Number of protein chains: 4
Amino acid sequence: MAPSTIKAWTVEGQNGFDSLKFNEKAQLPKLGDKDVLVKLHAASLNYRDLIIPKGKYPFPMKDSIVPGSDGAGTVEAVGDRVTRFKKGDKVVTLFNQGHIAGSLDAQSIQTGLGGVVDGTLREYGTFDEQGLVSMPENLNFLEASTLSCAALTAWNALYGLETRAVKPGDYVLTQGTGGVSMFGLLFAKAAGAKVIATTSSQKKADLLKKHGADHVINYKDEPNWGETAKALTPLKAGVHHVIEVGGPSTMAQSLKAIKIDGVISIIGFVGGFGKEQPSFMDCLSNICTVRGILVGSRLQMEDMNRAIEANDIHPIVDEKVFELAQLKEAYQYMWDQKHFGKMAIRIA
Amino acid sequence: MAPSTIKAWTVEGQNGFDSLKFNEKAQLPKLGDKDVLVKLHAASLNYRDLIIPKGKYPFPMKDSIVPGSDGAGTVEAVGDRVTRFKKGDKVVTLFNQGHIAGSLDAQSIQTGLGGVVDGTLREYGTFDEQGLVSMPENLNFLEASTLSCAALTAWNALYGLETRAVKPGDYVLTQGTGGVSMFGLLFAKAAGAKVIATTSSQKKADLLKKHGADHVINYKDEPNWGETAKALTPLKAGVHHVIEVGGPSTMAQSLKAIKIDGVISIIGFVGGFGKEQPSFMDCLSNICTVRGILVGSRLQMEDMNRAIEANDIHPIVDEKVFELAQLKEAYQYMWDQKHFGKMAIRIA
Amino acid sequence: MAPSTIKAWTVEGQNGFDSLKFNEKAQLPKLGDKDVLVKLHAASLNYRDLIIPKGKYPFPMKDSIVPGSDGAGTVEAVGDRVTRFKKGDKVVTLFNQGHIAGSLDAQSIQTGLGGVVDGTLREYGTFDEQGLVSMPENLNFLEASTLSCAALTAWNALYGLETRAVKPGDYVLTQGTGGVSMFGLLFAKAAGAKVIATTSSQKKADLLKKHGADHVINYKDEPNWGETAKALTPLKAGVHHVIEVGGPSTMAQSLKAIKIDGVISIIGFVGGFGKEQPSFMDCLSNICTVRGILVGSRLQMEDMNRAIEANDIHPIVDEKVFELAQLKEAYQYMWDQKHFGKMAIRIA
Amino acid sequence: MAPSTIKAWTVEGQNGFDSLKFNEKAQLPKLGDKDVLVKLHAASLNYRDLIIPKGKYPFPMKDSIVPGSDGAGTVEAVGDRVTRFKKGDKVVTLFNQGHIAGSLDAQSIQTGLGGVVDGTLREYGTFDEQGLVSMPENLNFLEASTLSCAALTAWNALYGLETRAVKPGDYVLTQGTGGVSMFGLLFAKAAGAKVIATTSSQKKADLLKKHGADHVINYKDEPNWGETAKALTPLKAGVHHVIEVGGPSTMAQSLKAIKIDGVISIIGFVGGFGKEQPSFMDCLSNICTVRGILVGSRLQMEDMNRAIEANDIHPIVDEKVFELAQLKEAYQYMWDQKHFGKMAIRIA
């Protein structure tokens, strides 16, 4: 039985991490007739979560929002007319709660957890049954809590709507060791693709290789790594996919690496482009495609979870796991870039 | 019977249109065992043709090339082992002679007619049987000669490889009254789409409407025409496709017009992007796709020709038709932008 | 304001049309917090509706179900948490209420209106906001009420999930003048395809031509109409799509008409296959694809409605329109095959 | 340097394997200007090859044909205008020599090696440069010679034109241990899919597991293996793909195993369907798709070879390898079903 009050974080203002407030007696949210009450066991953090209390998030937000876009837990109760889940089911949260399938639209883009809709950094949450997905059976809660944003974004890059899907034998270029890039590596390898990854240290290079990267390029040693990557592909034709997570300088190299009709998927809003940026003209001269993507739909997440289960893929979670009460410390740890892979919060 | 000598143009040097040389006693090209000898009846001009003798063409070229990428004619003879055509068949030329299907590759991108491979501005030409396509039955030779580049580029924008295909009810944005844009309009209308076209004069607006445009925006009156176009679509969600033929200023508006997951196909290399250009970041913030495309494959051209025939689509050819001997005048006429639609050359 | 009691039909038993019961004081259904209360203005009938009270429907059914899978109306009220619609919106019903996108699954296949979920043959109904679609602006309620099953089935045949989509220049074969076939004709023509239709009378042939059929074959005169159809296509290669609504004899002809890699979409459960039926071996010897389809998803319906609006497509509704109270007469009229096109019921 | 005479088999008549004639002084075939002369090192056999001399092959054939549809070798010389290959390149043959991309058509279906076009069971052969594909670098000639038919057919089943492509997490059902089925298993596993395989002995079950099968069902123990397979899938929803190589009895089980919107690809013409066969009606009641396929195109073969190389996939070749001169013995050995996997012939 769920208690009547729960522990929950909210974001009160935009004064940095001090805007995070911990309420130990928050009301248990009401359960609508098509809602599911989830006892949350874990959440994971994204860069987006960090900049919300800093007031840097460029999208709409609700005051006093419960933060956290990613979460995993157990169904505690269901509304009278819920059909998709039952008590005891293990579930993960969908980021844009209204993005069931197809393209985002004006409504569904306003349903992001932890921004417009109350998120996962609390003991219990209610979610529309349409906004939850069954948890892969091979994962524990900490692992599963990392899927909502980073994993689904990487999946969308490789299996997007009406665009080239990755196939065995394709070459995929990933950048660095961030959450999306690591999922991109794992998914591409599971799909029979070859992966060329970039990084800046031998230690990270070793980790990338351990997780399946076929080639690792140290971009410090090889500033022209786009051409290096291209030269590694059959007939030096270039890579079929780039998961582009950087700014203008990485984009210039990605455009050198890409194959004719290859697809560069641009992820995230970190960084931004400076003055000497590549231009759209490069799309033409390289005869390639550039896609902007924003996480993904529930249908894609269901496909992804099936792939995770079938291939026993395990998200890479930083060894340091924080408790719910330590959220501020967790944010700071991640802000200081002390983590590797995804950062998870243990809730209960 | 083909004569032993033929009239043919070549490009000798890069001194402007004076580099065009007319040889009235050129040798009839030899017929390989898988070649087709075509008596050319018409050719059409592209901007690319004009800049080749001006030395502005940024792609590889062969010396003393026979210019002309677009042509239509009748099969006069076939090599011993030709199976796809027979004497008397009406045919149109494929631009990249080696681009049969799928993506261009390092070899096929080097097979452009009139640049690397001898083109269509001559009385007879031999072409590999793989580099010809049956002519739509509803067209005359002048009309058919306009299909190779402009039409196929527009078709590729709407029915590209592994990208969103136009469907009935989609909104397509075209720009101006150039060859590719007009074909884009005609194809989109045949496909049951709505077309929003831009132009700068009432006279051209009338022509666009006559050819099926649902909405015409005068971009001089409405410099922010991207938003105007978006507002014309259902739920103001934006257009599904843009056929982008301009430079940085049109691109900025196209990015305002585009729908989430919509596709902007960038065409041609006219113009170039200036300093205050939109950036790839806009792909992300608009969650859209930008594709560079270069004409298209034979498989696409066969599909296109079937659509042209089935819908009795007629290319828009300028009333002023030049004879083969008048090629320099034709180039100048087009350079001076006196034409509307495609410019055709009557060969015989 | 909705009244507290409404007029509604239910199916009580399986004794034929006498099992239809008209309750003039039925309770207004309750409005859940994500439900929409719709004042229904029109419904249309399908063959499926007729066989439900006859006990011939081979799928699961609920006792005392309100019949009617197709309906159109106006939103009268919305639950507290509804976001997709507001009072005054015009809407049409989705057949499988849970089939939002992608494939049907074990749950969504159990959500058919008029079979498992209370349907449209009543003055007011509540529907989950996920199970409604905006009505095309160019239609009246009677026309719009025909879209839920027949139109969406035809659309699914031409624009199915992960299968060949119809393109301009494709050839589509339709059979007869039933609801699905007529929508197939209208949609294929809007998409720039050529349509070959079969029928058995000159009068119907004239109607088919009036609605855009390029070729009409009288199957009584030409029992081997499959080959006739094939001979009408370019290079006698065969048709790209067949919308197959008949039984084993039509299927044998469809297999003669189909092109290599063409798609035969099998619709409906009318008829059944006899002894001398074609076999799956014919799929192989014809190198073609056969798909079974069951109506379609909400995403497909939204695409379809956009196409209907953009091309001002009007469903073909029989001139004879019955009132809600005359439902039994309407069923009998349709059972006696006195109708042409769709049969509509005016509700209020 | 190629000799002026070569050893070559031909099929003379339809008297069984005695119709195979070995000519030790056959003329070296002439080299057209777009032909490639290949020194063949290996060929592999297909069931089709066996029935050609028996007069059971239902497709067109040329008299005195050189048999053999599958081959691998080294380029010995190229015609004057060949651009795709050069001396020394390692190549494999395309089955339908004219099937470059897209669908087969009336011409390309008449270009099967060993049936209409002289095949691979000889020391040297000339092939149009369009009818060869680069050999995967990770294979030896014996292995590579098995790709032309069996492997490409399996690839086409999983990555066909305009149909559902296999994705990580999909379930694929294969039948038995024949060539196509084994390639289907290897490709599906490389793509991150789960494979359910059927067989009739523990020994073969062990081999299937060794090669990656996730589940093996002994169809002798479980005659209702279609339902067993379905029960092994997530939510018992059924398999996404069946590679159907049997006759009516396997088809009935495949229809039980298949998921909604799943695809059954029918392969080969072995067997045939008896009286109590499943009907097309089952496509509808299962809402599934059935495709007939015939090998595949060069574009597909290039994709396949890239996947083979990237994933270091090795075809399963029977340990018993025959020499070219022993062809009759090889045919008999295969006819007696003494082989496991593909049977290869060493040529030189």
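**Exercise 1.** Find where R164(D) sits in chain D, and decide whether R164(D) is buried or exposed.

*Solution.* Start with the chain: R164(D) lies in the loop that runs between helix 3 (147-158) and strand 8 (171-175) of chain D. Keep in mind that this is a predicted model. Next, check the accessibility: R164(D) has a relative accessibility of 7%. Buried means under 20%, so R164(D) counts as buried.

**Exercise 2.** Work out which residues R164(D) touches, leaving aside those up to four places away in sequence.

*Solution.* Begin inside chain D: the residues touched include L158(D), D170(D), H240(D), H241(D), D261(D) and V263(D). Now look at other chains: R164(D) also touches R306(A) and E162(C). Then zoom in on E162(C), whose side chain makes a polar contact of 3.2 Å with the side chain of R164(D).

**Exercise 3.** Describe how chain C is related to chain D.

*Solution.* Turn chain C by 180°, with a shift of 0.0 Å along the axis, and it can be laid on chain D with an RMSD of 0.0 Å. The two copies are therefore related as by a two-fold rotation axis. Both use the same surface, as 100% of the contact residues of chain C recur in chain D.

**Exercise 4.** How do helix 3 and helix 9 of chain A pack?

*Solution.* Take the geometry: helix 3 (residues 147-158) and helix 9 (residues 298-310) of chain A have axes 10 Å apart, at an angle of about 90°. So helix 3 of chain A is roughly perpendicular to helix 9 of chain A. Finally, sort the contact by class: 8 nonpolar, 4 polar and 1 charged residues.

Key:
Residues numbered from 1 in each chain as written. Chains lettered and ligands numbered in written order. Predicted model: local features only at pLDDT ≥ 70, side-chain atom pairs only at ≥ 80, totals over all residues. Heavy atoms only, no water. Axes fitted to C-alpha atoms, helices over the stretch in contact; angles between N-to-C directions. Helix = DSSP H or I, 4+ residues; strand = E, 2+ residues; numbered from the N terminus. Parallel < 35°, antiparallel > 145°, perpendicular 65-115°, else oblique. Nonpolar A, V, L, I, M, F, W, Y, C, P; charged D, E, K, R; others polar. Least-squares fit on C-alpha atoms with pLDDT ≥ 70 in both. Contact = heavy atoms within 4.5 Å. Buried < 20%, exposed > 50% of the residue type's maximum accessible area, 1.4 Å probe, protein only. Polar contact = N/O pair within 3.5 Å; in protein donor to acceptor, adjacent residues only side chain to side chain.
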